[in-house]
Amino acid sequence: MPSPSPSSSSSAASAADPFDEDFGGLTRTVHALADSLAATAAARDRSGGTALAERQLLRQSGLLTLAIPSAFGGQQAAWPLIFRILRRLAQADSSLAHLFGFQHLQVASILLFGSQAQQARYLGQAVEHRWFWGNAVNARDTRLTATRTEQGLEIDGVKGFCSGASDSDVLNVSVTLGPEPTDRVFAVVPTSRAGIRVHDDWDNMGQRQTDSGSVSFERVQIAHDEVLGPPGVASSPRATLRNLIGQIVLTEIYLGNALGALREAIGYLRTQTQPWPMAGVTRSEDDRMLQLRAGEMWSSLRAATALSNLANERFQQAWDRGSELTAEERATLAVDVAAARTQAGRVALQVTSQIFELVGARGTAARHGFDRYWRNVRVHTLHDPLDYRHQSIGAWLLAGVAPNPYGYG
């Protein structure tokens, strides 16, 4: 077969989309969902509120059951695949990707903390009824109190940062009963239960449709069998993997926003911008300074993505270890996850800011919504400061101090 001509090779290379990913048998579903979310993401970011129609798209996609074992009717997908899908959805719509990620975080809570009977009960119903999970588990918010009753617990108070609580079917709720990690319990409660009120009070500058406001509880009754366990929250190194899933979700949201920002900026540059006169070219995409800027961003993103992929594979290995996972193995994994998260966070803040070098002044018009990518990343990188992540890595390297498995990872 003759070698392709230079012109045909160039055409083939230019036709390939470097942002495209293969998700196996889920590829068509993932890309169709991402495209649907992207079509209205900028407008919905401006309006805020609950994205009811888009949440329904997530329900209908079937992707909410990816982490549920096949024994309960789920798809039992590998965690690295789930995290890559999260990254792709975050390119399109960071808020809905956040809800997708937290859905799987709640499923993992059942798998890690719940008894076999509770896993079959809750995960089977989640598949059957297409449940959307919300959460009220912020460990730093201690305003929720519990009183033991003959039937179980009665809880009163408020929890903040309750992502996905609006329009959810069930809530994962955590409450502290004492000073030790083992005193913290998780419970599964229908969102419609008497005494629960989900408040529409999330008005932050980023992640505007994550419904991450507050939920109040007034004499809410929780039965004994709704409290997860055994094994429970602090029962083993494996049980503390939940915190690392939360960290990985944030990492993929950073990367997704940065990839989405760069992808959209390149599309805008090719179709909307005019080259600067001093560039000496007729097309903006031929401007060597813009090529330099785009190349720097792409290289940084490729490195951060590779580090994240490695951490995600190691997470799967730890997950597969089951009850044999040791505290030392968990600590090493936590450092890998922290390194990936800090790198992704720094790169995402840089890229989502620098895309304006590509789109120019006209690209700052509100209708384009290019600023939403930076705002989304900025909100999430404040979840817990990246500097403390770096410090915890240093403490492990220099003094052999393992990251706290009962904190934020």
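**View A. Pairing of strand 1 with strand 4.** Leu171 in strand 4 is the bridge partner of Gly134. Strand 1 and strand 4 (residues 170-176) run parallel and are joined by four bridges; strands are DSSP runs of E with at least two residues, helices are runs of H or I with at least four, and both are numbered from the N terminus. Two strands count as paired if DSSP finds at least two bridges between them. Both faces of strand 1 (residues 133-136) are covered, with Trp133 and Asn135 buried on one side and Gly134 and Ala136 buried on the other (buried: under 20% relative accessible area, with a 1.4 Å probe and protein chains only). The model is predicted, so local features need pLDDT of at least 70 and side-chain atom pairs count only at pLDDT 80 or more, whereas totals for chains, interfaces and linings use all residues. Residues are numbered from 1 along each chain as its sequence is written, and side-chain values use heavy atoms, without hydrogens and water.

View B. Four strands in the order 2-3-7-6 form an open sheet with antiparallel pairing. Strand 2 (145-148) and strand 6 (196-198) are the edge strands; each has a single partner strand, so one side of each lacks a neighbour in the sheet. From one strand to the next the twist averages 20°. Strand 3 (residues 152-159) and strand 7 (residues 215-223) run antiparallel and are joined by seven bridges; Gly157 has Phe217 of strand 7 as its bridge partner.

**View C. Helix 7.** This helix of 32 residues (241-272) reaches 46 Å from its first C-alpha to its last, close to the expected 46 Å, which is 1.5 Å times one less than the number of residues. Of the 32 residues, 25 are buried, so helix 7 is largely enclosed by the rest of the structure.

**View D. The largest cavity.** A cavity is a set of points on a 1 Å grid over the protein atoms alone where a 1.4 Å probe fits but cannot get out, and its lining residues have an atom within 4 Å of a point. There are three cavities of 30 Å³ or more. The largest holds about 110 Å³ of space, and its lining comprises 15 residues, with Ala41, Asp93, Ser94, Arg372 and Asn376 nearest the centre. Helix 2 (27-47), helix 4 (79-92), helix 5 (94-113) and helix 11 (371-381) each give two or more residues to this lining.

**View E. The second largest cavity.** The volume is about 80 Å³, taken as the space filled by probe spheres set on grid points joined across faces, edges and corners. Of the 14 lining residues, His199, Asp200, Trp202, Asp211 and Gly213 lie nearest the centre.

Methods: Axes fitted to C-alpha atoms, helices over the stretch in contact; angles between N-to-C directions. Buried < 20%, exposed > 50% of the residue type's maximum accessible area, 1.4 Å probe, protein only. 1 Å grid on protein atoms, 1.4 Å probe; cavity = no way out; pocket = protein on both sides within 12 Å on 5 of 7 lines; lining within 4 Å.
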